[in-house]
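Biologist: Hi! Could you walk me through this one? I have a few quick questions.

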Number of protein chains: 2
Amino acid sequence: MSETPILAPDANGPTICIGEILVEIMATTIGNGFLEAQPLTGPFPSGAPAIFIDQCGRFGGQAAMVGGVGDDDFGRVNTDRLRADGVDITGIHIDPVYPTGSAFVRYRADGNRDFIYNAGTSAAARIEWNDAVEAVVERAGHIHIMGLALSMPKVSEMIERAALRIKEKGGTLSLDPNLRKEIRYSDETEARFARLVELSDLLLPSGDEVERAAGITGHEAAIARLFARGVKEIAFKEGARGATVFTRDGASVHHPAFQVTEVDPTGAGDCFGAAYLTARRLGLGIEAALAYGCAAGARNVTRLGPMEGAGTRAELDRFMIETPKVA
Amino acid sequence: MSETPILAPDANGPTICIGEILVEIMATTIGNGFLEAQPLTGPFPSGAPAIFIDQCGRFGGQAAMVGGVGDDDFGRVNTDRLRADGVDITGIHIDPVYPTGSAFVRYRADGNRDFIYNAGTSAAARIEWNDAVEAVVERAGHIHIMGLALSMPKVSEMIERAALRIKEKGGTLSLDPNLRKEIRYSDETEARFARLVELSDLLLPSGDEVERAAGITGHEAAIARLFARGVKEIAFKEGARGATVFTRDGASVHHPAFQVTEVDPTGAGDCFGAAYLTARRLGLGIEAALAYGCAAGARNVTRLGPMEGAGTRAELDRFMIETPKVA
């Protein structure tokens, strides 16, 4: 297995995420939707890019967030948390008119979830390329992209602009190809997604997203196609079965999941990806980074709230010692 | 005291309200704002015009609502409740893009409240004059106006247009002059407010709103000025001291408050006004209507949620028998 560094080192500048910052409000009872008053808990800081960047910061990597929040407590819940966890928040715009985005979540008896989102018509969707964003992008060493964020037109344009600039100056790019398979995206979004796959140094897919990103069926064929298109490393998230990293030389390394009691699955994949990426950027090898990724994902599901279980490197070290792996 | 009918009778067509429909989410602990995750409860149907019209419907009057909700459970919480309470909801627009408006509320230790609102950038603010609204306005016998709703530009225009049309065809108008004294409104809003005061048959003020509506200081002078400008009846809400109705002939009648344990004060004034107005439109005299108003306001504060305590006429009859008045 090749251990050539594939990512810009942490010292070259922060990992940045561009995308939605939300608060999450959770129902504390199982049931269908939100059709009557019920007990809830929140606001928890949330939004997939925000969860990711928070875990980067907590792990000890340089990290910066570009996004938008309202001038309200829900915005402050997020900016306070990110700042406390070491994330540069100078690229977060405080919208004077629109509120912080929100996601209400309730679990059904069958394990599925009902959501009420306000993202597209919140401060999260109204960000612009301004001097603060420009400065963050110029400092950046790496950009991590959430596929889902590409469905917001303005945000999507900013992401591609930042990605091109960061790659141009020698930075690297990772992509979570988490477009939803049940949604039909615009041709523009699909074309941009394909361009960003081409630019990716590291992919962080789960399920059938490998095939989605490659545009062909068959897991192995898809991996081969992605490497042929320039991807250098694929960290494949397998949930309760752990994770496997594939490299261009045809090798792969697997790490089993840790045995935990799941309290709240939200954010597990983002914490996995952020810890793996940050460990790699800090110079760790694939095996060590993969262990941190699995630990970060597992630890996060033991706490209620999307990023409440994001661990520092020391917390993850302790977690790995104390927690048995799935046989 | 004059008992000449001053309002279009209920049989002439429904009372309508135009304005915001929201869900309310309440913190269940006392504290400052929403800066950390905490227990909440909701969604409760809310929005001052929605509370008012719901109490009209529950009391047994014809009632119709004009407003906007998102295509989400928070919208359905409202439309389901209003429909169940007898309110015509054909004038409620389901916005395909914007979410149902929301208000998060938390009580501080000093009794004041912190809010996080999303109204101005929600479905509540995006209503238009369409065929459904036109039909509701053409059927209407009376319009009740919330002063606060005049600060939303589009909604404010629709309210004045509907008010002029309803008055033109012999309908009547009531106004809750609840503009906030701490807010400086635009000249346009102030001018529209003044025009609507002139059109009012019934005013439902509290505190210093009598003076606010008259534009002069001094409670008695303000009442005289309002009658001189065409107002026919003023039902003055005095909270824990009950309420007093003033008529053009210089007479007044007072009703004490009912003794209740306050669980949630939100909606008390709206329920008072709606029960008073509806009783009057159904042909009841001032004293009987005033008793229903006081009972409706008092009953509503005994339940958690802005309109959870709105009573039917039979429930209010029972409430009045069972509940002592404040000495």
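Biologist: Which residue of chain B comes closest to the rotation axis?

Modeller: That would be B:Leu40, whose C-alpha lies 2.4 Å from the axis. Keep in mind that this is a predicted model.

Biologist: Thanks! And what rotation superposes chain B on chain A?

Modeller: A rotation of 180°, with 0.0 Å of shift along its axis, and the RMSD is 0.0 Å. The two copies are therefore related as by a two-fold rotation axis.

Biologist: What about the surface through which the copies meet?

Modeller: Both use the same surface, because 100% of the interface residues of chain B are also interface residues in chain A.

Biologist: Nice. Switching to the strands: how do strand 4 and strand 5 of chain A run, parallel or antiparallel?

Modeller: They run parallel, with 6 bridges joining strand 4 (residues 63-70) to strand 5 (residues 88-95). Within that pair, A:Val66 stands opposite A:Gly91 of strand 5.

Biologist: Which helix goes with those two strands in the β-α-β unit?

Modeller: Helix 2 of chain A, residues 73-84, and the unit is right-handed.

Biologist: One more topic. Where is A:Asp208?

Modeller: Look in the loop of chain A between strand 10 (202-203) and helix 6 (209-214).

Biologist: And why does A:Asp208 count as partly exposed?

Modeller: Because A:Asp208 has 13 other C-beta atoms within 10 Å, whereas a residue is called exposed at 12 or fewer and buried at 20 or more.

Biologist: How far is A:Asp208 from A:Pro177?

Modeller: Their C-alpha atoms are separated by 9.8 Å, and the two are 31 residues apart along the chain.

Key. Residues are numbered from 1 along each chain as its sequence is written. Chains are lettered from A and ligands numbered from 1 in the order in which they are written. This is a predicted model: local features need pLDDT of at least 70, side-chain atom pairs count only at pLDDT 80 or more; totals for chains, interfaces and linings use all residues. Helices (H or I, at least four residues) and strands (E, at least two) are DSSP runs, numbered from the N terminus. Two strands pair if DSSP finds at least two bridges between them. A crossover is right-handed if, with the strands pointing away from the viewer, the path from the first strand over the helix to the second runs clockwise. Copies are superposed by least squares on the C-alpha atoms of residues with pLDDT of at least 70 in both. Two residues are in contact if their C-beta atoms, placed from the backbone, lie within 7 Å.
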